[in-house]
Amino acid sequence: GLQAYQAQLFLQIRKHLEYPSQLQILDNYSGSLCDLAATAHMMISCQDNFVTELKIRGDKLANVSGFNGYAIHNKTLSETFSINSLVTTLTRLTSLRVLSLVSLGIWGPLPDKIHRLYSLELLDLSSNFMFGSIPPQISRMVKLQTLTLDGNYFNDTIPDTLDSLSNLSVLSLRGNHLKGQFPSSICRISSLTDIALCHNKLSGELPDFSSLTRLRVLDVRENQFDSQLPVMPRGLVTALLGKNLFSGEIPAQVGILTHLQHLDLSFNHLSGTPPSALFDLPNISYLNLASNMLSGSLPEQITCGSKLGFVDISSNKLVGKLPSCLDNTSDKRAVKFGGNCLSIEGHQQHQSSYCKEANTRKTGRKIALLIAIIVGSILLLVILAFGVLFLSRRCFQRKTLETQIRQKAVQENPTTGVSPDILANARFISEVMKLGTQGSPVSRLFSLEELQEATNNFDSSMFMGESPAGKLYKGRLENGTYVAIRSLNLLKRYSIQNLKVRLDFFSKLHHPHLVSLLGHCIDGGVQDDPFANKVFLVYEYVPNGNYRMHLSESCPEKVLKWSDRLAILIDVAKAVHFLHSGVIPGVYNNRLKTNNILLDEHRIAKLCDYGMSIILEYNEKLEVCFLAMHRKRFHGLE
C-alpha cells in the first residue's frame, strides 16, 4: 500500500511538471520506485521503503530575457501550471530529506506551504522562474542544511527570520533580483559555511561576519553594497566582493586571514594604500584589486606569498616603483598593473600628474562637502527654531483636531467589530491598525458537508476530547490539510451577526505562538434542543499534543527537559503579551492551562482556546436570562 501510494504521488508530480522527458522512464515501469535506476537527470532514493531523495534536472534554462511573471512558450511550463498544486503533492512525501528540481520551467511565487516539507535537509530549486518573495515560513524548516534558489526571479527582500535555520550550512541565492539590505540575522547562523548572494540588487551595509567561525565562502559580487569592507572571519577561504560600491581603505585586519586563497575587491571605490600583508598571506593565490581608487606607493621590499599566482592592481592611482615580487617578467605569477602612475615605461601608465590631480580634486571635493554640510546645518537649525515656535502655538488645536478625526474614523470604519467608545479611548498600535484597515481576510465559511467529509461524519476515530468549550475532532480537508474542529452549542438568541464579527476578529490574530482560527460553520439544527445553534470552529492542527502530556512521568520518553520547558513558557508569555497589548481591545482571560498549550512538530508552543471566554461568557449570560424569563412565565401560569 505504501509503494502504491508513493507511485501515485509520482504520477501526479509528473503530471504537474507536464510530463518532462526526464521522467519518461516511469511510462512502462511497474516495479518499486525505490528500485528505479538513477539516470543523469533523475534519481530517487529510499530508506525503509520511504522515498527520502528526489532529484530531477530538466533542460529549460532560466536565463530568458523579458520574463514578466507569465508563462513563456517552450521556456516555462504552460499557463495552466500550478506551483501551488505541485508543492501540495510534494508535501505528501513526508519522509523527503533531499529535493532538487532544477531547470524544469517551474514558474510562479513559491508558496508558504513549502515549510510543510519539514524533514528536508537539502532544497534546490535553481534555474526556474519563481518570483516574488522568498516565503518567511521557510525558516520553519529547521532541519534544512542547504538552501539553493539560484537563477530565479525573486525580487523582494531576504527574510529576516532565517536565523531559525540553526543547521543551515549553505545559503545560495545567486542570480535573482533580490533587493534591500543584507539581514544581520544571518550572522547568527553559526553553522554557515557558504554564503552566495552575487548578481542581485542588494544594497546598504554588510554586517560583521567574525561570528561565523565556520564560514569558508562569501560571494556578494555584483550588488550595490556601499559601506566599508566588512570584518571577515579568520577561517574564510574565498571572499568575492567585486563590482559593488564599497569605499574606504582596505582594513589591516585582512592580515590575519591566514586561510584566504581568493580575494576579489575589484570595481569598487576603495582608497588608500593596500596593506603589505595582503600580498604575503600564506595561502593567497588570487588577488584582484583592479578598478578602485587605491593610491600611494607600494613598499619596494614588499614580499609575496609563495602561492600567489595572480595579482591585478590595474586602473588605480598607484605611484612609485613596482615591488620586485610583482615584476611581470617572472613566470611564477601573472601580474596586471596598467592604468596607474607607476615608474615603469611602456606599460600603459598615466603621467604622474594624473594621479596627483585626482588626489587634489578629491581633497577639494572633501573641503567643498565639509563647507556645504556646515552651511546646511546652520540653515537647518534656523528652520527648526521657527518650526518649533510655529508648532508650539498650534499644538493644542492640532491635538483637538486629531482626537476628532480619530473618533470619526472609528465610527465610520468599525472593521474590527469593536465598539467606537473602546477604540476612541484606546492607544493605537501598529498591529491593530493592520488588523482593522489593511484588508486581512475574514474567517472562511465552511459548509457542514465539508466538515462531515473531513471528519468521516464526526466518527469516533476522529474524536480528540471534550472540555467545557465543546467537543474536539481531527479532520482532513479536501486539499489534504489537517485541521482541528471544535463544536459548540450556542443559544439561538445569540446574535449570529455578533458572533461572526467576533470570529472574524479572532481569525485576524496571527502570531507564531497562537493556534490560528481558519474558519467556522454555523448550523441551525441541534438534535433534542430547538433553542440552540450548532457552531463549528476550524483551527490549524498542532500535531504534538499538549504541554500537560509532556510533563507526565508516566510517559518518560516525552518528558521535557527544564530548558525546553522554559522555552515553551517564554513562547506562551509572548502569545499572552500579544493578546493583552498587541490588539485593541485586549483579549484577556485566555484559559491558561497546560491542556491549552499545544506543541508542534518542533516543540514550538502555541496557545489555543484564547478568546473562547468572550464567546462562552456571553452565551452563559443569555442562558441565565433565558432561564429567568421561563421562571417568570412558569410562576405566572401557577
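Analyst: Strand S12 (residues 201–204) and S14 pair in the parallel sense over two bridges. Strands are DSSP runs (E, at least two residues; helices are H or I, at least four), numbered from the N terminus, and two strands pair if DSSP finds at least two bridges between them. This is a predicted model, in which local features need pLDDT of at least 70, side-chain atom pairs count only at pLDDT 80 or more, and totals for chains, interfaces and linings use all residues. Residues are numbered from 1 along each chain as its sequence is written, and side-chain values use heavy atoms, with hydrogens and water left out.

User: Which residue of S14 is the bridge partner of Gly204?

Analyst: Strands of a sheet pair through backbone hydrogen bonds, either parallel or antiparallel. Here the partner of Gly204 is Phe225. The open sheet has the order S10-S12-S14; S10 (179–181) and S14 (224–225) stand at its edges, each with a single partner strand, so one side of each lacks a neighbour in the sheet.

User: At what angle do the axes of H1 and H2 cross?

Analyst: Two packed helices are described by the angle and the distance between their axes. The axes of H1 (residues 2–16) and H2 (residues 83–90) cross at roughly 160 degrees and come within 10 Å.

User: Is Leu270 buried or exposed?

Analyst: Leu270, in strand S18 (residues 269–272), is buried, with a relative accessible area of 0%. Buried means under 20%, exposed over 50%, and partly exposed in between (1.4 Å probe, protein chains only).

Methods:
Axes are lines fitted to C-alpha atoms, for helices over the stretch in contact, and angles run from 0 to 180 degrees between N-to-C directions.
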